[in-house]
Amino acid sequence: MSTTESDLAQHIRYVALIDQHVHGCWLTPGDRRRFENALNEANTEPLADFDSGFDTQLGFAVRNHCAPILGLPKHVGPQRYWEARSRLTEIELARLFLPAAGVSNWLMDTGFGDEVTGVEQLAQLSGRPGYEVVRLEQIAVEAARAAGDYASAFEEILRRRAARAVGTKSVLAYRGGFDRDLSEPSTAQVAEAAQRWRDEGATRLTDPVLLRFGLHQGLRIGKPLQLHVGLGDRDCDLDKTNPLLLLDFLRESGSAPIVLLHCYPYEREAGYLAQAFNNVYVDGGLSVNHLGARAPAFLARLLELAPFRKILYSSDGYGPAELHFLGAMLWRNGIHRVLAGFVAAGDWSEAEAIRVVDLIGHLNAARLYRLASGDPRGPVTAGG
Amino acid sequence: MSTTESDLAQHIRYVALIDQHVHGCWLTPGDRRRFENALNEANTEPLADFDSGFDTQLGFAVRNHCAPILGLPKHVGPQRYWEARSRLTEIELARLFLPAAGVSNWLMDTGFGDEVTGVEQLAQLSGRPGYEVVRLEQIAVEAARAAGDYASAFEEILRRRAARAVGTKSVLAYRGGFDRDLSEPSTAQVAEAAQRWRDEGATRLTDPVLLRFGLHQGLRIGKPLQLHVGLGDRDCDLDKTNPLLLLDFLRESGSAPIVLLHCYPYEREAGYLAQAFNNVYVDGGLSVNHLGARAPAFLARLLELAPFRKILYSSDGYGPAELHFLGAMLWRNGIHRVLAGFVAAGDWSEAEAIRVVDLIGHLNAARLYRLASGDPRGPVTAGG
Amino acid sequence: MSTTESDLAQHIRYVALIDQHVHGCWLTPGDRRRFENALNEANTEPLADFDSGFDTQLGFAVRNHCAPILGLPKHVGPQRYWEARSRLTEIELARLFLPAAGVSNWLMDTGFGDEVTGVEQLAQLSGRPGYEVVRLEQIAVEAARAAGDYASAFEEILRRRAARAVGTKSVLAYRGGFDRDLSEPSTAQVAEAAQRWRDEGATRLTDPVLLRFGLHQGLRIGKPLQLHVGLGDRDCDLDKTNPLLLLDFLRESGSAPIVLLHCYPYEREAGYLAQAFNNVYVDGGLSVNHLGARAPAFLARLLELAPFRKILYSSDGYGPAELHFLGAMLWRNGIHRVLAGFVAAGDWSEAEAIRVVDLIGHLNAARLYRLASGDPRGPVTAGG
């Protein structure tokens with residue numbers, strides 16, 4: 001950006017973000033195939049030989065925005081990018097990319113992935129504090145393996161783990177989706193379902209009764225409950241993750257905050273729900289990374305019906321440390337494109353645009369998760 | 001706009017609109033909470049303490065476009081806006097905002113809201129004629145309370161009221177949605193359902209048989225039948241208001257015009273139906289107000305498959321007189337943004353863009369509702 | 001375009017396209033009503049008297065982009081356009097419009113339409129080679145009318161016809177949609193269903209068992225299977241053509257390539273599937289023509305989740321030769337608008353944009369259909 005950079009552009013460039021939904025970075029070395037597959041969210045199989053993870057919006061965005069962090073020119077070719085990346089360990093990559101994100105706090109879903117950093121390691125590598133988000137389906141597995149009554153064990157484990165956490169998370173979307181009864185089951189139903197699941201070995205939870213039992217326990221904790229919505233890998237039926245299928249559940253969800261994550265291609269429906277329910281929030285996390293040059297269009301759609309105090313930022317980074325950085329970079333670029341457009345058209349004032357950046361970037365998350373708001377200092381290396 | 005304003009911009013600024021779906025303005029004083037809640041369409045509860053109706057696209061649009069009508073600068077803060085508004089009665093506000101809309105005719109749905117203006121009062125306050133649109137579910141309540149056979153009473157009341165009206169309206173979307181049998185019920189079915197409803201007290205109509213009986217009676221009148229589609233408050237299941245669920249109904253609807261209102265987030269599906277059926281029309285009314293700075297993107301999507309002779313204008317204003325004005329203001333700004341873009345890209349000529357403005361702004365509605373077309377004089381105070 | 005036309009603009013203007021899904025051009029003379037109806041895809045009835053096919057995005061695009069080919073100014077009025085067009089035979093029109101498309105290869109669905117050109121005639125009129133895509137529902141009718149066992153007859157006819165073809169095509173979308181069991185039926189089920197259909201006269205195939213039998217036979221051939229998705233006429237239930245309803249089918253489809261055609265308004269869902277499955281491809285064909293000035297917005301949405309090696313070009317032209325040309329013209333203009341925007345924003349490099357043009361324009365199709373890639377010489381008369 002030039003010396004005549006607008007106040008809005010400058011503010012967006014430096015604002016510290018609360019990344020309210022993120023996973024760990026890789027710890028172990030891997031080959032190019034692993035890296036390219038990590039650039040494809042939806043496919044659960046190895047990419048076809050004729051295909052390349054680099055030839056996607058995300059792949060283009062990595063080579064554009066992440067290359068300079070590795071000392072490469074923007075838009076560098078896949079081979080050169082891969083070679084530069086290969087010269088560093090994943091830990092070294094994390095030490096480069098995490099601080100460059102300009103994130104003040106990481107809220108980390110610890111329920112997925114081996115061989116990735118935990119909360120403390122992410123905090124240490126980035127130099128900024130991390131907090132845990134507890135995954136309800138993981139609590140379920142622990143409860144099933146604990147002695148005694150399943151429901152009591154679930155409640156006890158959840159209470160203990162949630163006491164140190166800032167929120168809970170459910171991947172119901174991956175375990176059958178939302179087009180089903182999501183009301184709270186009876187004690188007897190839970191006991192029966194738990195017995196059945198324990199008899200079967202209690203590995204991956206797909207039992208609908210236990211899934212919705214977990215959801216309602218999560219609500220009862222009162223801390224924000226994050227729900228995976230929309231875009232994910234093809235193990236979830238995308239059409240069964242339309243958040244409008246949650247309407248009945250939301251109507252009975254009380255006052256515990258519910259955060260709809262990712263949301264693509266249902267971001268407009270999610271925005272409607274954020275307007276319709278005092279306790280519903282939206283976040284486009286994962287989608288922003290995967291949309292690359294189209295992220296501004298997506299962010300603009302998120303800014304339709306959702307009230308500005310109900311929208312959050314996240315990267316949903318998982319695996320390559322590039323993604324933790326890129327989420328912030330694409331969000332900064334995208335929100336600038338959209339809001340500068342509103343200002344240029346005379347629809348918003350620049351001061352209001354700056355205020356909305358703060359709301360989405362950190363103020364809403366700080367309020368929701370009871371965190372001190374983002375450090376005003378932003379990224380050092382992230383350009384505009 | 002500058003002195004070199006394009007012909008298209010000037011035409012859009014002054015063209016008189018037919019507001020083909022609108023409600024009354026408030027008559028009674030209210031507090032700030034009432035006003036802020038009126039800026040949120042979807043939520044049926046009071047807004048949360050941490051939230052504000054001013055921090056939404058609609059809230060920003062009010063403070064941008066309505067402030068000058070109250071003698072305030074654009075983008076004024078919520079407190080100052082509220083104070084200025086509070087100094088006037090609702091009647092005084094209506095006298096300011098209604099004429100500023102540049103509307104030549106108001107087509108008013110009289111079936112909802114106490115303490116709002118009726119057709120004649122709206123006409124008097126605005127200085128422009130109003131016409132009634134009769135709500136079918138209101139006729140149903142009257143028929144249930146009338147003596148004798150329900151079906152005959154419905155037909156008689158509808159015929160009498162429709163004779164003075166320009167069209168009918170159904171809120172089937174709020175009474176269970178479209179994913180059900182919408183064929184015409186038999187006489188026996190109607191009689192039985194009516195008896196049951198009368199026995200229950202005949203208050204809010206939710207009986208599916210009587211709802212679809214009303215729809216088909218509405219069609220039989222031959223005047224345009226307006227259908228609420230999509231965006232509304234959370235009493236309707238948004239996913240059950242997808243207009244594609246009307247396909248079977250539309251296939252059997254004959255030649256009576258059917259107007260799909262609001263349509264968000266299904267405006268592209270609605271446009272498809274307007275192309276697929278000679279008797280289907282679309283109107284993005286309510287959505288335009290609630291999308292504020294994003295209204296141009298919405299209006300652009302409405303201009304995809306819908307034939308240009310099948311698109312209509314409305315504000316769907318209800319309550320604050322700001323909304324009757326703002327609908328027109330945002331439509332003018334939005335259609336200008338979109339069509340000027342088509343012209344600048346070389347895709348449309350300016351003359352064609354002007355013609356399409358006239359079609360959507362008033363010619364289509366005048367033809368459909370058999371009105372004299374819009375007065376060429378537009379708003380006095382509405383800027384571009 | 002000016003003399004300072006960018007490399008990207010110049011490349012797009014001249015790149016030869018593989019039109020991977022197209023039908024024949026009209027051969028017989030017709031009146032203005034036929035022509036105007038051909039500008040409306042969704043309506044199966046004659047257009048209403050008050051309406052005009054010229055007052056749509058497609059109608060505007062025809063008068064803008066096709067007029068110069070007829071020696072008329074851009075944006076010419078409907079009457080003048082029609083008069084100029086009427087002075088020529090359909091064959092003469094094809095000789096003008098087909099070469100102007102800059103298409104190197106036509107992949108032609110021969111399963112629909114009388115009185116239109118076949119593969120060889122299209123090739124002869126355009127001066128570029130044509131290839132056949134065999135429609136599975138047409139094979140079904142032939143098999144039903146053949147002697148002996150239906151399944152064997154189907155397999156034999158398909159094998160014979162597919163040997164000379166580059167792929168197969170199914171219009172399952174028009175025969176009940178995707179929201180049903182699409183697994184492979186048993187031999188006994190097929191025999192029984194075939195008997196029933198033969199007894200009924202074996203005209204239009206709507207039997208679900210035989211439809212899915214055909215699909216799986218198509219997959220077995222191993223050549224690309226094209227599926228009509230989304231936008232079509234109102235004989236298909238648009239909501240039952242959402243490609244997400246294909247998830248279970250795709251999960252069991254093996255490695256045979258499946259090409260999702262048209263896709264409107266589900267292009268983002270289709271893009272997701274192209275990312276989720278190694279064997280899934282997307283193409284926005286028909287939609288581009290019907291969206292006219294809005295085609296760039298549609299093409300941009302197609303460039304969200306779909307990997308760039310999985311996106312194809314087609315016109316889906318059928319009837320007026322204008323459509324075979326216009327598809328290419330609108331695609332060139334639209335992809336230029338979108339990619340030049342990515343480049344201007346600093347998100348893509350120009351070299352990468354040019355490479356993606358080649359992928360979508362011809363390289364992907366050449367690889368998929370095993371064709372020699374597009375001739376580098378593009379259209380002679382098509383301007384930018």
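**Exercise 1. State where B:Arg212 lies in this predicted model, and decide whether B:Arg212 is buried or exposed.**

Step 1. B:Arg212 belongs to helix α10 of chain B, which covers residues 208-221.

Step 2. The relative accessible area of B:Arg212 is 8%. Buried means under 20%, so B:Arg212 is buried.

Step 3. With neighbours within four places in sequence left aside, the contacts of B:Arg212 are B:Asp181, B:Leu182, B:Ser183, B:Glu184, B:Pro185 and B:Gln189.

**Exercise 2. Place B:Ala151 in chain B and list what B:Ala151 touches.**

Step 1. Helix α8 of chain B, residues 150-164, contains B:Ala151.

Step 2. B:Ala151 has 12% relative accessibility and therefore counts as buried.

Step 3. Not counting residues up to four places away in sequence, B:Ala151 touches B:Val190 and B:Phe213. B:Val190 is 39 residues from B:Ala151 in sequence, while the two C-alpha atoms are 7.0 Å apart in space.

**Exercise 3. Determine how far helix α14 of chain B is enclosed.**

Step 1. The buried residues in α14(B) are B:Ala295, B:Pro296, B:Phe298, B:Leu299, B:Ala300, B:Arg301 and B:Leu302.

**Exercise 4. Describe the packing of α5(C) against α6(C).**

Step 1. Two packed helices are described by the angle between their axes and the distance between those axes.

Step 2. The axes of α5(C) (residues 90-100) and α6(C) (residues 119-126) come within 8 Å and cross at roughly 70°.

Step 3. Angles of 65 to 115 degrees count as roughly perpendicular, and α5(C) and α6(C) are therefore roughly perpendicular to each other.

Step 4. From α5(C), the residues in contact are C:Ile91, C:Ala94, C:Arg95, C:Leu98 and C:Pro99; from α6(C), they are C:Gln121, C:Leu122, C:Gln124, C:Leu125 and C:Ser126. Sorted by class, this contact of α5(C) with α6(C) has 6 nonpolar, 3 polar and 1 charged residues.

**Exercise 5. Characterise the surroundings of C:Thr117.**

Step 1. C:Thr117 sits in the loop between β2 (103-109) and α6 of chain C.

Step 2. A relative accessible area of 2% makes C:Thr117 buried.

Step 3. Beyond four places in sequence, C:Thr117 touches C:Gly24, C:Cys25, C:Leu27, C:Met108, C:Leu122 and C:Leu125. C:Leu122 and C:Leu125 are also among the α6(C) residues that meet α5(C).

**Exercise 6. Give the size of the contact between chain A and chain B.**

Step 1. Chain A contributes 32 residues and chain B contributes 39 residues.

Step 2. About 3,300 Å² is buried between chain A and chain B, with 49% given by carbon and sulfur atoms.

Step 3. A:Arg268, A:Tyr272 and A:Asn278 supply 20% of the area that chain A buries against chain B, more than any other three residues.

Notes: Residues numbered from 1 in each chain as written. Chains lettered and ligands numbered in written order. Predicted model: local features only at pLDDT ≥ 70, side-chain atom pairs only at ≥ 80, totals over all residues. Heavy atoms only, no water. Axes fitted to C-alpha atoms, helices over the stretch in contact; angles between N-to-C directions. Helix = DSSP H or I, 4+ residues; strand = E, 2+ residues; numbered from the N terminus. Parallel < 35°, antiparallel > 145°, perpendicular 65-115°, else oblique. Contact = heavy atoms within 4.5 Å. Nonpolar A, V, L, I, M, F, W, Y, C, P; charged D, E, K, R; others polar. Buried < 20%, exposed > 50% of the residue type's maximum accessible area, 1.4 Å probe, protein only. Buried area = accessible area lost by both parts, 1.4 Å probe.
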